Amino acid sequence: MFLSFEGIDGSGKSTQARLLADSLRAEGRDVVLTREPGGSPGAEEIRRLLVEGAGERWSPETEILLFTAARRDHLERVIRPALAAGRTVITDRFADSTRVYQGAARGELRAMVDRLHDLSIAVEPDLTLVIDIDPATALSRGRARGGNEDRFESLGLGFQQKLALGFRALANEYPDRVRLIDGSGAPETVAARVSAALPA
Ligand code: TMP
């Protein structure tokens, strides 16, 4: 089983990915919890190039290439071997983030995103959980977290609002795979909604 969590910055998706990994492990499942950009040593190096520095450091086209390169390494070294060994993979972000962040919010580049994905990635999660939350709430949470991984958060509320609409549109585009989860309330409340969205 291959699961991904998606959402805007500060949506709480990383907490939810961790809570789900914990609860599946408690049931005895062998779970690999991983993240993008990153998840493998090479992809973590690419991550630093992507999430640190000025908002306009890369063109949207260059960003698509870097995110896809990181994803390919993550897929080869971590995701495919884990799935082949019968493990459950939970990733905090996958290709939907590129579709939304680079494809929708930063120019009309969705065609480039899709072609590169088909050429070099060509797999989708079995189920994608989008943690849907008010962008203003999410942005204040993300900023409160601090740190230097704020390149995308630095693009502001208008950008986060576009992203939230982009993720909702994905749920309509891929109704069999993508589930929108109400991200409001305590983490345990959201986790119960996540569990209810999983196949029995
Ligand atoms: P994170 O904060 O969830 O670890 O993600 C780092 C940032 O990278 C976040 O602002 C979203 C952005 N991102 C993209 O723009 N495109 C992508 O394909 C991925 C995986 C992340």
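Biologist: At what angle do helix 2 and helix 3 pack, and how far apart are their axes?

Modeller: A word first: this is a predicted model. Start with the angle, then the distance. Helix 2 (residues 41-51) and helix 3 (residues 60-84) pack at about 160°. Their axes are 8 Å apart.

Biologist: How are helix 2 and helix 3 oriented to each other, parallel or antiparallel?

Modeller: Angles over 145 degrees count as roughly antiparallel. Helix 2 and helix 3 are therefore roughly antiparallel to each other. Handedness is the next item to read. Helix 2 passes helix 3 in a left-handed crossing.

Biologist: Which residues of helix 2 and helix 3 make the contact?

Modeller: Helix 2 brings Gly42, Ala43, Ile46 and Leu50. Helix 3 brings Glu63, Leu66, Phe67, Ala69, Ala70 and Asp73. Sort this contact by class and you get seven nonpolar, one polar and two charged residues.

Biologist: Now helix 6 and helix 7. At what angle do their axes cross?

Modeller: Roughly 120°, and the axes come within 9 Å. Angles of 65 to 115 degrees count as roughly perpendicular. Helix 6 and helix 7 are therefore oblique to each other. Their crossing is right-handed.

Biologist: Which residues make the contact of helix 6 with helix 7?

Modeller: From helix 6, take Pro135, Ala136 and Leu139. From helix 7, take Leu157, Gln160, Gln161 and Ala164. The classes are five nonpolar, two polar and no charged.

Biologist: How do helix 1 and helix 8 cross, left-handed or right-handed?

Modeller: The crossing of helix 1 and helix 8 is right-handed. The angle is roughly 65°, with the axes coming within 10 Å. Helix 8 spans residues 187-197. Thr15, Gln16, Leu19 and Leu20 of helix 1 meet Pro187, Val190, Ala191 and Val194 of helix 8. That contact has six nonpolar, two polar and no charged residues.

Biologist: Which elements give two or more residues to the lining of the largest pocket?

Modeller: Helix 1 (13-26), helix 2, helix 3, helix 4 (95-105) and helix 6 (135-145). Helix 4 gives the most, with four residues.

Biologist: How many residues of the lining of the largest pocket are nonpolar, polar and charged?

Modeller: Eight are nonpolar, 13 polar and 14 charged.

Biologist: How many cavities of 30 Å³ or more does a search of the whole structure find?

Modeller: Two. A pocket is open, whereas a probe in a cavity cannot get out. About 60 Å³ of space lies in the largest cavity. The second largest cavity has about 30 Å³.

Biologist: Which residues line the largest cavity?

Modeller: Ile64, Thr68, Arg71, Ala95, Thr98, Arg99, Val113, Leu116 and His117. Helix 3, helix 4 and helix 5 (110-120) each supply at least two of the lining residues. By class, this lining has four nonpolar, three polar and two charged residues.

Biologist: And which residues line the second largest cavity?

Modeller: Gly7, Ile8, Val130, Ile131, Asp132, Ile133, Ala164 and Phe167. Strand 4 (127-132) and helix 7 (157-173) each supply at least two residues. Strand 4 gives the most, with three. Here the lining divides into six nonpolar, one polar and one charged.

Biologist: Last, the backbone. What should I look for?

Modeller: Know the background first. Most residues other than glycine have a negative phi, and most peptide bonds are trans. Then look for the exceptions.

Biologist: Which residues does a cis peptide bond join?

Modeller: Glu36 and Pro37, with omega about -10°. Pro37 sits in the loop between strand 2 (31-35) and helix 2.

Biologist: What is phi of Arg93, positive or negative?

Modeller: Positive: phi of Arg93 is near 80°, in a residue other than glycine. Arg93 is in the loop between strand 3 (88-92) and helix 4. Arg93 is also one of the residues nearest the centre of the largest pocket.

Key: Residues numbered from 1 in each chain as written. Predicted model: local features only at pLDDT ≥ 70, side-chain atom pairs only at ≥ 80, totals over all residues. Heavy atoms only, no water. Axes fitted to C-alpha atoms, helices over the stretch in contact; angles between N-to-C directions. Parallel < 35°, antiparallel > 145°, perpendicular 65-115°, else oblique. Left-handed = near helix turned anticlockwise from the far one by under 90°. Contact = heavy atoms within 4.5 Å. Nonpolar A, V, L, I, M, F, W, Y, C, P; charged D, E, K, R; others polar. 1 Å grid on protein atoms, 1.4 Å probe; cavity = no way out; pocket = protein on both sides within 12 Å on 5 of 7 lines; lining within 4 Å. Points joined across faces, edges and corners; volume = space filled by probe spheres on them.
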